[in-house]
Amino acid sequence: MSREGAIETCRTAALGGHVSACTKCGHQHIAYNSCRNRHCPKCQGAASRDWLQARLEDLLPVEYFHVVFTLPSQITDIAYQNKAAVYGLMFTAPAQTLLAIAADPKHLGARIDMTSVLHTWGSAMTHHPHVHVIVPGGGMSSDGTRWIGCRPGLFLPVKVLSRLFRRLFLEGLARLHQAGKLRFFGDLSELADRDTFQALLAPLRNSDWVVYAKPRGSARSALN
């Protein structure tokens, strides 16, 4: 069953159920089965609350920032046909970007940590892969002896983040293609050819990739 179909039929007779009956009065109660789909708000409500509480326990009493990395539209169809490979790259490229720029003494000079969440759909319910990263405004010095905080309200320069993210992602995507880990169907079939694939990526190496960062205040507000 499709994701949409599962959510629509969640806790209805279509998914079956079970009947509880009182042995004294004979009253019966029917409970229909849930779809257990990870996208279903009814099934994942409790899991989401548990996840949020666990993350809150990890947060520090410092200023936090919300950083978002978005794929260009030219790559979203490739991502849709190669979800495991490209979505994996959506986690590693932003993480490597943040770690590298934060460690640079010209910017922060610290070892940071982060929490990343992948969203594959936008508010208009169209395929729109992007990664949300919650990161503290600082980190530990390279020798682990002191905390290095960023300037209030200013984390890392988004233009620098954007350029490195662009390079790391495109390099990773090219490696996936060279290793034969990408598959193309329908209108994208021609991208199986190396030269055609490289021609698609060429203009993206000089375009602006969307990365933004904004302060989120306290640790608790960071995940709201």
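How many helices and strands does the secondary structure of the chain come to?

## Overall make-up

The secondary structure of the chain comes to seven helices and eight strands. Helices (H or I, at least four residues) and strands (E, at least two) are DSSP runs, numbered from the N terminus. This is a predicted model, in which local features need pLDDT of at least 70, side-chain atom pairs count only at pLDDT 80 or more, and totals for chains, interfaces and linings use all residues. Residues are numbered from 1 along each chain as its sequence is written, and side-chain values use heavy atoms, with hydrogens and water left out.

Of the 224 residues in the chain, 38% are buried. Buried means under 20% relative accessible area, exposed over 50%, and partly exposed in between (1.4 Å probe, protein chains only). Among contacts between residues at least 6 apart in sequence, 64% join residues at least 24 apart; contact means heavy atoms within 4.5 Å.

## Strand β5 and its partners

Strand β5 covers residues 127–136, and nine of its 10 residues are buried. Strands count as paired if DSSP finds at least two bridges between them. Strand β3 (residues 64–70) runs antiparallel to β5 and is joined to it by seven bridges. In this pairing, Phe 69 stands opposite Val 131 of β5.

Strand β4 (residues 115–121) is also antiparallel to β5, with six bridges between them. Here Val 117 has His 132 in β5 as its bridge partner.

## Packing of α3 and α4

Helix α3 (residues 73–81) packs on helix α4 (residues 83–103) at an angle of about 125°, and their axes are 6 Å apart. Axes are lines fitted to C-alpha atoms, for helices over the stretch in contact, and angles run from 0 to 180 degrees between N-to-C directions. The two helices, α3 and α4, are therefore oblique to each other. Angles under 35 degrees count as roughly parallel, over 145 as roughly antiparallel, 65 to 115 as roughly perpendicular and the rest as oblique.

From α3, the residues Ile 78, Ala 79, Tyr 80 and Gln 81 meet Lys 83, Val 86 and Tyr 87 of α4. By type, the residues of this contact are five nonpolar, one polar and one charged. Ala, Val, Leu, Ile, Met, Phe, Trp, Tyr, Cys and Pro count as nonpolar, Asp, Glu, Lys and Arg as charged, and the others, Gly among them, as polar.

## The largest nonpolar core

A nonpolar core is a set of buried Ala, Val, Leu, Ile, Met, Phe, Trp, Tyr and Cys residues joined through side-chain atoms within 4.5 Å. The largest one has 44 residues, of which Ile 75, Leu 98, Leu 108, Phe 155, Phe 169 and Leu 173 touch the most other members. Two or more residues come from each of β3, α3, α4, β5, α5 (158–178) and α6 (194–201). Helix α4 gives the most, with nine residues.

Beyond its neighbours within four places in sequence, Leu 98 is in contact with residues including Phe 69, Val 133 and Phe 155.

Thr 97 lies in helix α4 and is buried, at 0% relative accessibility. Leaving aside neighbours within four places in sequence, Thr 97 is in contact with Phe 69, Leu 161, Leu 164, Phe 165 and Leu 168. The C-alpha atoms of Thr 97 and Leu 168 are separated by 7.7 Å, although these residues are 71 apart along the chain.

Pro 72 sits in the loop between β3 and α3 and is buried, with a relative accessible area of 12%. Not counting residues up to four places away in sequence, Pro 72 touches Leu 204 and Trp 209.
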